[in-house]
Each structure stands twice: as structure tokens, then as C-alpha cells.
Amino acid sequence: MPLLKEDTYTSEDYWRLPDGQRAELIAGRLYNMAPPSRIHQELVMELSSTIRNYVRDRKGVCKVYPAPFAVDLNADDETWVEPDISVICDGNKLTERGCKGAPDFIIEVVSPGSRKIDYSTKNALYSDAGVREYWIVDPVRKRTTVYRYEEDAAPMIIPFDCAITVGIYGDLQIMIEELLL
């Protein structure tokens with residue numbers, strides 16, 4: 001839900017938020033972020049660990065950052081998002097504040113209050129910004145929607161009990177159901 005203000009917000013407003021208050025800046029509007037549920041955090045932890053371990057085992061260069069982690073999505077200092085998980089493979093995009101530019105891979109775990117923004121607003125933002133792959137993990141519907149923007153293909157909807165191949169790697173498969181055991 002956007003915060004109320006007559007003017008548009010700027011990145012300066014975003015960076016002046018009180019400690020502990022999480023929000024995202026999208027098109028001049030600040031959107032408050034509700035505290036995540038236990039299952040949300042469990043999924044973020046397990047997915048982050050799985051991907052990080054995969055990268056480390058292969059001595060890869062990609063970095064995995066769970067939220068809170070600020071992403072200046074278009075590197076224009078106007079749109080700051082905090083994806084649940086950001087995977088950045090170009091170290092030049094990393095700054096002291098977070099990531100300047102599009103991560104290679106983003107995962108959002110849907111919460112009741114984030115459903116519309118994750119499926120609609122962020123999907124368009126991530127596609128336009130150059131994110132290569134975007135997953136929407138939906139614990140209520142027990143499915144993951146996978147967008148591989150580079151392939152210019154329709155999204156795939158994969159139930160939690162089926163393995164998902166991480167497109168940016170090709171040989172990493174994740175079954176969400178197994179992460180919740």
C-alpha cells in the first residue's frame with residue numbers, strides 16, 4: 001500500500017526512512033512493506049542458501065542477497081526495490097548501498113499484501129529493467145511462476161512438488177516442496 005503524500009517521493013525520501021521501516025520507491029510512490037510471515041522467511045532462507053551454495057561449490061562470481069537489500073533497478077536513482085532475493089553476477093553493479101542496475105535473477109515470495117505488486121507492477125519493472133529471470137513463489141497457491149525474459153517466452157507455472165531449473169545456470173534444479181521439509 002502506498003504511503004500518503006501529495007508530492008512524489010524521491011530517492012532522498014527513500015534513504016531518509018527511519019531505521020527499521022521498509023518501503024520501496026516505484027514511480028515516485030513509496031510502498032510500505034509489511035513484516036514477512038514465518039513461511040515467507042523460511043522460503044527466502046532456504047532458496048538463498050541453495051543458490052549461494054551452488055555458486056560457491058562452482059566457484060562462481062554471482063552474489064546472492066536476501067532482503068533487505070536495496071536495488072536501484074534502472075540505475076537512475078528513481079526506482080528502489082527490495083526483492084526477497086537478488087542474484088547479481090556483475091560485481092560492477094554492487095555499491096555500498098546495494099545494487100545499481102538490474103540483478104540477473106530475482107525471487108519474490110508472495111505475501112497477501114504484495115500479490116498485486118509482485119505479479120503485475122514488479123513483473124513489468126523487472127522485465128523492462130533487464131532482469132534475466134524472475135520467480136514469484138506463491139506459498140498460498142503452492143506454485144512458482146517463472147519468467148525468463150531473455151527467452152521472450154510465456155511464463156511457466158510450476159507446482160511446489162516439481163523441480164524448477166534455474167535458467168541462468170541450466171544445471172541447478174530446485175524443488176520448493178523439499179525446502180519446506
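**Reading a predicted fold: backbone, disulfide, pockets and cores**

Mentor: Lys59 is exposed, with a relative accessible area of 73%.

Trainee: Where is Lys59 found, and what is the value of its phi?

Mentor: Lys59 is found in the loop between helix 2 and strand 3. Its phi is near 55 degrees, which is a positive value in a residue other than glycine.

Trainee: In which loop is Lys142 placed, and is Lys142 buried or exposed?

Mentor: Lys142 has its place in the loop between strand 9 (133-138) and strand 10 (143-148). Lys142 counts as exposed, at 54% relative accessibility; the cut-off for that word is over 50%. Lys142 is not a glycine either, yet its phi is positive, at about 50 degrees.

Trainee: Which residues does the cis peptide bond join?

Mentor: For a peptide bond, omega is the angle to read. The cis peptide bond joins Ala67 and Pro68, with omega about 0 degrees. Pro68 sits in the loop between strand 3 and strand 4 (70-72).

Trainee: Let us turn to the cysteines. Which cysteines form a disulfide?

Mentor: The test for a disulfide is a pair of cysteine sulfur atoms within 2.5 Å. Cys62 and Cys89 form such a bond, with their sulfur atoms 2.0 Å apart. A search of the whole structure finds one disulfide. The pair links distant parts of the chain, 27 residues apart. Cys62 lies in the loop between helix 2 (38-57) and strand 3 (63-66), and Cys89 in the loop between strand 6 (85-88) and strand 7 (98-100).

Trainee: Why is the disulfide of Cys62 and Cys89 right-handed?

Mentor: The handedness is read from the torsion about the S-S bond. That torsion is about 100 degrees, so the disulfide of Cys62 and Cys89 is right-handed. As for accessibility, Cys62 is buried, with a relative accessible area of 11%, whereas Cys89 is partly exposed, at 21%. The boundary between the two words is 20%.

Trainee: How far is the sulfur of Cys99 from the closest cysteine sulfur?

Mentor: The distance is 10 Å, to the sulfur of Cys89, and this is too far for a bond. Cys99 counts as buried, at 1% relative accessibility. Cys162, at 34%, counts as partly exposed.

Trainee: How should I read the pockets? How much space lies in the largest pocket?

Mentor: About 540 Å³ of space lies in the largest pocket. It is lined by 27 residues, and the closest to its centre are Asn32, Met33, Gly113, Ser114 and Ile117. Two or more lining residues come from each of strand 2 (29-32), helix 2, strand 8 (105-109) and helix 3 (115-129). Helix 3 gives the largest share, five residues.

Trainee: Which residues line the second largest pocket?

Mentor: The lining includes Tyr14, Trp15, Arg22, Pro68 and Glu82. Its residues divide into seven nonpolar, two polar and three charged, and the space in this pocket is about 240 Å³.

Trainee: Is Glu82 buried or exposed, and with which residues is Glu82 in contact?

Mentor: Glu82 is buried, with a relative accessible area of 8%; buried means under 20%. Its place is in the loop between strand 5 (80-81) and strand 6. Leaving aside neighbours within four places in sequence, the contacts of Glu82 include Tyr14, Arg22, Met33, Pro68 and Lys122. From Glu82 to Leu172 the separation is 90 residues in sequence and 24 Å in space, C-alpha to C-alpha.

Trainee: Finally, which residues touch the most other members in the largest nonpolar core?

Mentor: A core is read as a set of buried residues joined through their side chains. The largest one has 25 residues, of which Leu47, Ile51, Trp135, Ile174 and Ile176 touch the most other members. Helix 2, strand 6, strand 8, strand 9 and helix 4 (176-179) each give two or more residues to this core, and helix 2 gives the most, with six. Leaving aside neighbours within four places in sequence, Leu47 is in contact with Ile85, Ile107, Trp135, Val137, Ile174, Ile176 and Leu179. A second, separate core has 21 residues, among them Ile26, Phe69, Val110 and Ile117.

Key. Residues numbered from 1 in each chain as written. Predicted model: local features only at pLDDT ≥ 70, side-chain atom pairs only at ≥ 80, totals over all residues. Heavy atoms only, no water. Helix = DSSP H or I, 4+ residues; strand = E, 2+ residues; numbered from the N terminus. Buried < 20%, exposed > 50% of the residue type's maximum accessible area, 1.4 Å probe, protein only. 1 Å grid on protein atoms, 1.4 Å probe; cavity = no way out; pocket = protein on both sides within 12 Å on 5 of 7 lines; lining within 4 Å. Points joined across faces, edges and corners; volume = space filled by probe spheres on them. Nonpolar A, V, L, I, M, F, W, Y, C, P; charged D, E, K, R; others polar. Core = buried A, V, L, I, M, F, W, Y, C linked by side-chain atoms within 4.5 Å. Contact = heavy atoms within 4.5 Å.
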